[in-house]
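Here are my notes on the model, as numbered points. Please keep the structure open while you read.

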Amino acid sequence: MATANKNLSNYDKNTLPNASEFRFGIVVSEWNDKITNGLYNGAEAALLDCGVKAENIIRWNVPGSFELIYGAKKMIETQSVDCVITIGCVIKGETMHFEFVCEGVTQGVKDLNIKSDIPVIFCLLTDNTEQQSIDRSGGKHGNKGTEAAIAAIKMADLRKKSSQKGKSIGF
């Protein structure tokens, strides 16, 4: 298991780019809201800790994880954000629904990253049990939302640097 020996909330903000002028969109699934609100809280806290202004964090809720794709697309089109974080949680059940939703969201976020100039961060928990999701949304493994926020800062900075011709890109 990838997170067995890793706390997802650990980061060193001194090694991160200046995020004070970036705008972030966060699209949050209402399904499994105990989990997704925990992930959102981790993402928001990390962004604020790294200097992002509260007014530069835009949250939109969507009904479920499959709707994250459309929500992120519309956020990119209408909100002048530097990066979007998609937050969802799908817990395996007895049917194939889990596989279809997970694959669809994965491919949808990949497609947005290919088609748009705005990076989209994938923060979709795909766990076998609710306890595994709790452990990754503020529990014993930290918070995957925090990790997504740090990735968002780095990707927003990469986008900014890549638009400056002749500049070296690196972290």
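1. Start with Ser65. Ser65 sits in the loop between strand E2 (57-62) and helix H2 (68-78). Helices (H or I, at least four residues) and strands (E, at least two) are DSSP runs, numbered from the N terminus. Ser65 counts as buried, at 4% relative accessibility. Here buried means under 20% relative accessible area, exposed means over 50%, and partly exposed is in between (1.4 Å probe, protein chains only).

2. A word on the source. This is a predicted model, where local features need pLDDT of at least 70, side-chain atom pairs count only at pLDDT 80 or more, and totals for chains, interfaces and linings use all residues. Residues are numbered from 1 along each chain as its sequence is written, and side-chain values use heavy atoms, with hydrogens and water left out.

3. What does Ser65 touch, not counting residues up to four places away in sequence? Ser65 touches Ser29, Gly88, Cys89, Val90, Val101, Val105 and Leu124. Contact means heavy atoms within 4.5 Å.

4. Now look at Phe66. Phe66 also lies in the loop between E2 and H2. At 46% relative accessibility, Phe66 is partly exposed. Residues up to four places away in sequence aside, Phe66 touches Val101, Gly104 and Val105. Val101 and Val105 are also among the residues that Ser65 touches.

5. Next, the largest pocket. About 230 Å³ of space lies in it. The search runs on a 1 Å grid over the protein atoms alone: a pocket is an open set of points with protein on both sides within 12 Å along at least five of seven lines, whereas a cavity is a set of points where a 1.4 Å probe fits but cannot get out. Grid points are joined across faces, edges and corners, and a volume is the space filled by probe spheres set on the points.

6. Which residues of the lining lie nearest the centre of the largest pocket? They are Trp31, Cys89, Val90, His97 and Val101, out of 15 lining residues. Strand E3 (83-91) and H3 are the elements that give two or more residues to this lining. A lining residue has an atom within 4 Å of a point. By type, the lining divides into seven nonpolar, six polar and two charged residues. Ala, Val, Leu, Ile, Met, Phe, Trp, Tyr, Cys and Pro count as nonpolar, Asp, Glu, Lys and Arg as charged, and the others, Gly among them, as polar.

7. Compare this with the record. In an unreviewed entry, UniProt places the feature "binding site" at Trp31, Ser65, Phe66, Glu67, Cys89, Val90, Ile91 and Phe122. Of these residues, the lining of the largest pocket includes Trp31, Ser65, Phe66, Glu67, Cys89, Val90 and Ile91. Take care with such labels: UniProt positions are given in the numbering used here, feature names are shortened, and annotations may be inferred rather than shown by experiment.

8. His97 deserves a look. UniProt lists His97 for "active site", again in an unreviewed entry. His97 is in helix H3 (residues 97-115). Is His97 buried or exposed? His97 is exposed, because its relative accessible area is 53%.

9. UniProt also places "binding site" (unreviewed entry) at Glu94, Thr95 and Arg136. These residues are spread over 43 residues of sequence, and also in space, up to 23.3 Å between C-alpha atoms. Glu94 and Thr95 are included in the lining of the largest pocket. Thr95 lies in the loop between E3 and H3 and is exposed, at 52%. Arg136 is in the loop between helix H4 (130-135) and strand E5 (137-139). Arg136 is buried, with a relative accessible area of 7%.

10. Turn to helix H1 (residues 33-49), which holds Thr36. Thr36 is buried, with a relative accessible area of 0%. Leaving aside neighbours within four places in sequence, Thr36 is in contact with Val28, Ser29, Trp31, Ile87, Gly88 and Cys89. Ala45 is in helix H1 too. Ala45 is partly exposed, at 45% relative accessibility. The C-alpha atoms of Ala45 and Ala149 are separated by 8.8 Å, though these residues are 104 residues apart along the chain.

11. Last, the rings. The structure holds one aromatic pair. Phe22 and Phe24 form it, edge-to-face, at 6.2 Å centre to centre and 80 degrees between the planes. Rings of Phe, Tyr and Trp (its six-membered ring) pair if their centres lie within 6.5 Å; planes under 30 degrees apart count as stacked, over 60 as edge-to-face and the rest as tilted. Phe22 is buried, at 6% relative accessible area, and Phe24 is buried, at 0%.
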